[in-house]
Every structure is written in C-alpha cells, then in structure tokens.
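My entries follow in the order in which I looked things up.

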Amino acid sequence: MKEKYQAIYISDIHLLFNRNNIDKLNIFLKENSFKEIYFVGDTFDFWVRSISIKKDTLDFFRIILKKLSKGTKLFIIRGNHDDQLRDFYQFTNNNVVICDSVIKTIGDKKYLIIHGDQFDYVVKNFVKIAK
C-alpha cells in the first residue's frame, strides 16, 4: 500500500561505500511518496578511497531524481563523511538545499536537524584518525 508521508529523515547510508545495502531503502522510496526528504549526513561517504558504484546505488539516484521531478523537496545535510559538500553550501534550487543544518517547524515547535558529528570529540579534533 502506497503511503504519503510529510517527510522522511535518512542518515548514514554511505552511498559511495561499495558495501552499502540500500536495496530495501530503494523499495521503500519507490513505493511511497514524500513532500520532503532529508539526508541527515554521511550520505555519500567521500572518505572512501576506491569508489565502486553498484546498480542499487544508481537506482537510488534515479528514484530520488524522479521524486524531485514530481515536486519532492530534498535537504542534504552534511555529515563528517560528506566534507566535500562544504563547497556547495548555500546551494539552493527549487527542490534541493545543501546545508549544515535545518530548523524544521512542526506545529508550534521547532526541531534542529543536524548530523551530530559536530559534537564528536574524535571527529572534531583528530580528523585523520577518524577517517
């Protein structure tokens, strides 16, 4: 049964890591609709030294592009494995926002959406060890 969701929050999928396992996520994304999709860090995993993009990963991008073409809004929030996204901060078009955090208002309450690596002592102080 197809569900309509206001938003979905997805983190730590490490798309460029050749051992990711996103086939179930692809099925869920394909079978449901969303007004907003939030990638909450470590989406791409630019720390990976040798990139091997699997068919499931390509399918994932196709599904996301189709959602965008139907009006879904995508927020890409940087994680510690996504440092290269800093070059694209403040990038915004009609449906895509790349940023460090988002404040989401639901009813009369505000929620901070952030990956959380900013609070990790090792990631913050010993980047080469963390990688």
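**Contacts and overall layout**

I began with the contacts in this predicted model, and among those with a separation of 6 or more, 72% are accounted for by residues 24 or more positions apart. I then listed the elements and found 4 helices and 6 strands, which run β-α-β-α-β-β-β-β-α-α from the N terminus on. Of the 131 residues, 41% count as buried, and I noted an accessible surface of about 8500 Å², of which 55% belongs to carbon and sulfur atoms.

**Aromatic pairs**

I looked up the aromatic pairs next, and the structure holds 7 of them. In one of these, the ring centres of Phe28 and Phe34 lie 5.8 Å apart with the planes at 50°, so I recorded the pair as tilted. Phe28 is partly exposed at a relative accessible area of 31%, whereas Phe34 is buried at 5%. I also looked up Tyr38 and Phe75, which form a stacked pair with 4.5 Å centre to centre and 5° between the planes. This pair links distant parts of the chain, since Tyr38 lies in strand β2 (residues 33-40) and Phe75 in strand β3 (residues 73-77), 37 residues apart. I found Tyr38 buried with a relative accessible area of 1%, and Phe75 is buried with 10%. Ring pairs also link Tyr5, Phe28 and Phe34 into a cluster.

**Surface patch**

Tyr9 lies in strand β1 (residues 4-10) and is partly exposed, with a relative accessible area of 40%.

Terms used: Residues are numbered from 1 along each chain as its sequence is written. This is a predicted model: local features need pLDDT of at least 70, side-chain atom pairs count only at pLDDT 80 or more; totals for chains, interfaces and linings use all residues. Side-chain values use heavy atoms; hydrogens and water are left out. Helices (H or I, at least four residues) and strands (E, at least two) are DSSP runs, numbered from the N terminus. Buried means under 20% relative accessible area, exposed over 50%, partly exposed in between (1.4 Å probe, protein chains only). Contact means heavy atoms within 4.5 Å. Accessible areas come from the Shrake-Rupley method with a 1.4 Å probe; for residues, only the protein chains shown count as cover. Rings of Phe, Tyr and Trp (its six-membered ring) pair if their centres lie within 6.5 Å; planes under 30 degrees apart count as stacked, over 60 as edge-to-face and the rest as tilted.
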